[in-house]
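Reader: Please take one part of this model and go through it closely. Keep it short, and give the cut-offs as you go.

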Amino acid sequence: MRLAHDVTISRDEWGVPHIHGRSDASVAFGVAYAMAEDNYWQIEEDFLEDLGRSAQWYGESRLAADLVRAAFRVESLAREEYAREPPERRRVWDAFALGLNHYLATHPGTLRRIIGRYDPWMVFARYRDAHAGDVIDGLRLDMIASPDGHPEPPGPAAVAPDTGSAAWAVAPARTAAGRALLIASRTAPFFGRGQLYEVHLHSDEGWHVSGVARLGTPVPSAGHNEQLAWTHTRGLTDRADVFRVVFDHPEDSLAYRHGDEWRRAITWTDTLLVNTPAGVQAQEHGFLRTHHGPLITRRGDTAYVAAIAGLEEGGALAQWYALGRATSIDAFRNALASGAASAVATMYADVAGNIMYVEAAAPGRAEGPSRTRPVSGNDPAFEWQAAAPLDQR
């Protein structure tokens, strides 16, 4: 395979892969191969859940997870996002899938459970976070497994402060070396779902970045290159909501009132594969969706539907790729302006002495409020801890 000859993978004393390639595509190929070398089992495990195929291996115990993914139409949205990608980025995503497939082809003894071949669109499913254990305004998404068997959900839950991540940016005037500093504290498991993977990428086409990526995905979501560094903390923006919808139209059971007008829900069926004692069986499940989002639970004619901002639009993969290729604060802000990372706040520093904090964007906004301290500024108290909301600084 040509891409395999265009990339080299070397590991340092800690086992971190340093990947050099002639093109961004060859580097993505190398990322996939290196990740698979280290933990292919977890890569497939994560893809099983994200693609809605867990029950095909684990059986009924994981059916709720697959139902959530089906209700939010994750597979079709991922396929559509890949189809919208421009050719230059599509080559990168194609190469990542090829890297996983090449690893399987050259390691025939690898345990393969469900996925025999990876397609490029699949990685776009990894960035659509809607999972059975998620709780939105007191409603657990796994209620979808028995939508008529739950009481009315409680009211909105209070947002807990984020204790799992923090970041600090320090202006040049406050450092001994006279340079901006970025300090990040990320809490993530060494193994299991959510595992972060440290990697150093160097492409002859200009993609130079060291950082951490979600295992089984090709681009670092936090890191640094020769010019700048960035990290994220969890944003405090309310990006997911539950809506109460009443189907009380006298003649149409799918009609519900929205403001002063009637709207009509969409229903469809999907076939899920479930591992049973009699073998893998195909099960048909019905779904209902309003303009807000899919139905999770109901009591009679009153339904509760969930909405997650950004899930349909996607864009996180492309945005992090652009952040890693940025070489100036202007290029970085242009990449951040797409608003795909609406769930996180961003802290930034660069070799020119700029530091910047951008709050998580509210749903429907490209970018949240920001504060920037250029190297020429004279405010000595610009440093912020990103874990606190702006109004508490």
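Author: Phe 243 stands opposite Val 305 in strand 17. Strands here are DSSP runs of E, at least two residues long; helices are runs of H or I, at least four long; both are numbered from the N terminus. The model is predicted, so local features need pLDDT of at least 70 and side-chain atom pairs 80 or more, while totals for chains, interfaces and linings use all residues. Numbering starts from 1 along each chain as its sequence is written, and side-chain values use heavy atoms, without hydrogens or water.

Strand 17 covers residues 302–308. Strand 11 (240–246) runs antiparallel to strand 17, joined by 7 bridges. Strands pair if DSSP finds at least two bridges between them. Strand 16 (295–299) is also an antiparallel partner of strand 17, over 4 bridges. There, Thr 297 faces Tyr 304. The hairpin of strands 16 and 17 has 2 residues between the strands, and Gly 300 takes a positive phi near 60°.

One side of strand 17 carries Thr 302, Tyr 304, Ala 306 and Ile 308. Ala 303, Val 305 and Ala 307 are on the other, and both faces are covered.

Helix 2 holds Glu 44. Glu 44 is buried, at a relative accessible area of 0%. A polar atom of the Glu 44 side chain lies 2.9 Å from the backbone nitrogen of Ile 115. Beyond four places in sequence, Glu 44 touches Leu 111, Arg 112, Arg 113, Ile 114, Ile 115 and Tyr 118.

Helix 2, strand 8 and strand 10 are also among the elements that each supply at least two lining residues to the second largest pocket. Strand 6 gives the largest share of that lining, 5 residues.

Definitions and conventions: Buried < 20%, exposed > 50% of the residue type's maximum accessible area, 1.4 Å probe, protein only. Polar contact = N/O pair within 3.5 Å; in protein donor to acceptor, adjacent residues only side chain to side chain. Contact = heavy atoms within 4.5 Å.
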